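Trainee: I would like to learn how to read a structure. Please show me one and take me through it.

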Amino acid sequence: MNEIADYMEILGENIYKIAVYRKASKIIKELKQDIQDILKEDRLREIPGIGKALEAKIKEIIETGECAYHRDLKKQIPEDLLELLKIPGLGAKKIRVIYENLKVKNIDELKAAAEQKKIRDLRGMGAKTELNILKGIKMLEDNRAFTILGIALPIAESIIDILKRVEGVEEIEITGEIRRKREMVRQIELLALTENPHITKKVFKQMPGIKEVLEETPNRCSIFLDVGIKADLEITKERNEFISALYYSTGSDKHIAKMVSIAGTLGYRILKNETIDINDKKITVEKEQDVFNILNMPYIIPELREDCGEVEAALEGELPKVIDIADIKGDLHIHSNWSDGINTIEEIAQYARDLGYKYIAITDHSKSLAIAKGLTERELLKQIEEIKGLNSRIKGISVLSGIEVDILMDGTLDYPDNILKELDIVIASVHTGFKQDKFQMTNRIIKAMNNRYVNIIAHPTGRLLGKRQGYEVIVDEVLKEARENNIILEINASPDRLDLNDILARKAKEMGVKMAVNTDAHEVLRLEEMRYGVFVAKRAWLENKDIINTYPLNDLLNLLKIKKV
DNA sequence: GCCGTTTTCGGCCCGACTGTTTTCAGTCG
């Protein structure tokens with residue numbers, strides 16, 4: 001459906017028609033019931049957004065696996081042209097002009113055309129457009145080899161689910177970069193302990209979603225998945241071998257190198273995919289902890305194994321007791337159907353309570369973000385009343401009234417102080433003017449931080465992983481200001497953002513800045529993405545005291561009030 | 001292409017920014 005919409009866009013279809021297809025694609029993805037069942041019961045038309053035409057096409061796709069309309073569209077333009085939509089600043093209209101005039105069919109040809117300065121002569125385009133296209137292509141190329149953790153991890157987990165049920169599989173683990181929870185990874189790496197390698201590999205090769213089998217050896221199998229990522233399965237037959245391979249393959253290379261050298265000074269050898277030995281006498285390792293025991297150090301969790309001081313800290317007994325997902329007591333950045341979210345506040349509260357949360361904050365968009373149905377002052381005051389009412393009848397969770405208020409171009413906020421002061425929590429964030437220079441942007445954010453009602457700055461750098469660079473901002477200045485003004489910085493847990501990232505979050509901690517891990521969810525299912533933010537926090541060495549939404553409600557409320565006296 | 005208690009047509013997704021123009025089209029959140 002989404003692909004149909006992409007084609008239509010380039011072909012210049014009616015924008016509302018396109019929107020209907022995009023919306024339908026989203027609705028189908030989010031269906032709680034299997035679409036085949038809905039079709040069987042002849043209830044497709046009951047889904048809002050699905051009409052007669054879409055019903056017929058969905059039926060056709062389910063029954064025949066394809067759709068004539070889609071085929072027709074595909075005939076009209078080269079398939080690879082859709083890829084061009086990923087280039088920031090390039091939309092359907094420009095792509096069409098480029099295609100019709102230069103016969104450019106894919107990204108490589110576009111790159112060549114831009115390098116030959118052919119783009120600048122086209123209608124509506126100039127040297128700047130050409131440069132932006134080249135920049136965009138470079139960004140895509142840099143990211144081509146990488147997949148975001150938010151895509152790779154769930155796939156890895158679903159493969160594990162399949163393989164652990166295979167006869168003879170005693171243990172199976174995700175390893176490599178995914179195990180360390182890096183924000184972007186090159187491949188999925190799995191390690192199995194099984195007495196039946198043959199059948200394990202066979203199941204692995206026959207899973208759904210495989211594009212091709214790349215390589216197979218007795219102990220190894222590599223596949224390439226439809227979604228564009230490689231998955232490796234390595235097989236061990238003995239526990240000893242499994243544990244040392246798990247440790248070794250988890251990496252990082254630098255971490256391992258440091259550990260190997262320490263092992264050397266103690267007379268041990270850690271060998272890749274083999275066991276640990278001393279003077280060629282093998283040492284049995286039953287669990288990963290044993291590897292660290294041998295070197296007289298406490299267990300280092302995979303998230304810390306980046307050679308960023310963790311080995312030294314472990315030897316000195318100074319490893320941080322990093323935050324765990326179970327420590328999170330609430331989510332402080334959630335959108336409801338009052339703005340662009342899809343659930344009611346009550347649905348969100350109930351879902352959050354089921355997650356074990358003690359509190360949440362509803363933080364819809366403010367009025368200037370019209371596309372997200374930002375709340376007017378009047379609507380916001382009404383929402384505050386509704387939340388009061390909800391709190392009086394719902395048990396087991398507290399709902400805070402909040403807002404994600406836009407930081408306008410000049411650093412002023414989208415609501416006056418007399419509105420902001422009515423709220424329990426105020427998040428401020430940038431959604432416009434991404435191309436301001438770093439001085440303007442830094443001053444703009446700092447100005448917002450100086451508002452006495454602002455508690456949190458959300459997604460502080462504005463990046464979208466693999467899609468958009470953050471805006472230019474002098475992070476050191478923002479961190480300094482945050483410390484001085486008791487401003488909390490967000491670790492946005494959305495796997496597309498992870499903003500602050502691990503490096504900046506660690507820097508913030510070192511400067512004494514507190515943070516909040518929030519999902520920014522627009523639907524209840526995405527409240528589950530909290531774990532990705534916690535991964536960042538772990539990699540940043542953050543402890544509970546650094547993260548305000550691990551605090552009990554009263555402590556949190558006291559902290560939020562600090563600036564308000 | 002969907003929707004409708006103002007229902008079979010006409011509205012729906014608005015407004016700011018960018019880079020191109022020289023008054024505005026295209027893109028994006």
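Trainee: How far apart are the mean positions of the positive and negative charges of chain A?

Mentor: Lys and Arg count as positive and Asp and Glu as negative, while His and the chain ends are not counted. Each charge is placed at NZ of Lys, CZ of Arg, CG of Asp or CD of Glu. In chain A, the mean positions of the 88 positive and 95 negative charges are 3 Å apart. This is a predicted model, in which local features need pLDDT of at least 70 and side-chain atom pairs count only at pLDDT 80 or more, while totals for chains, interfaces and linings use all residues. Residues are numbered from 1 along each chain as its sequence is written, chains are lettered from A and ligands numbered from 1 in the order in which they are written, and side-chain values use heavy atoms, with hydrogens and water left out.

Trainee: How many helices and strands does chain A have?

Mentor: Helices (H or I, at least four residues) and strands (E, at least two) are DSSP runs, numbered from the N terminus. Chain A has 23 helices and 17 strands.

Trainee: What share of the residues in chain A is buried?

Mentor: Buried means under 20% relative accessible area, exposed over 50%, and partly exposed in between, with a 1.4 Å probe and protein chains only. Of the 565 residues in chain A, 51% are buried.

Trainee: Which residues are joined by a cis peptide bond, with omega about 5°?

Mentor: Those are Asp499 and Leu500. Leu500 sits in the loop between E16 and H21. Leu498 is also found in the loop between E16 and H21. Leu498 has a positive phi, near 40°, and is a residue other than glycine. With a relative accessible area of 3%, Leu498 is buried.

Trainee: Is His459 buried or exposed?

Mentor: His459 is buried, at a relative accessible area of 1%. Its phi is positive, about 20°, although His459 is not a glycine. The loop that holds His459 runs between strand E15 (456–457) and helix H20 (475–484).
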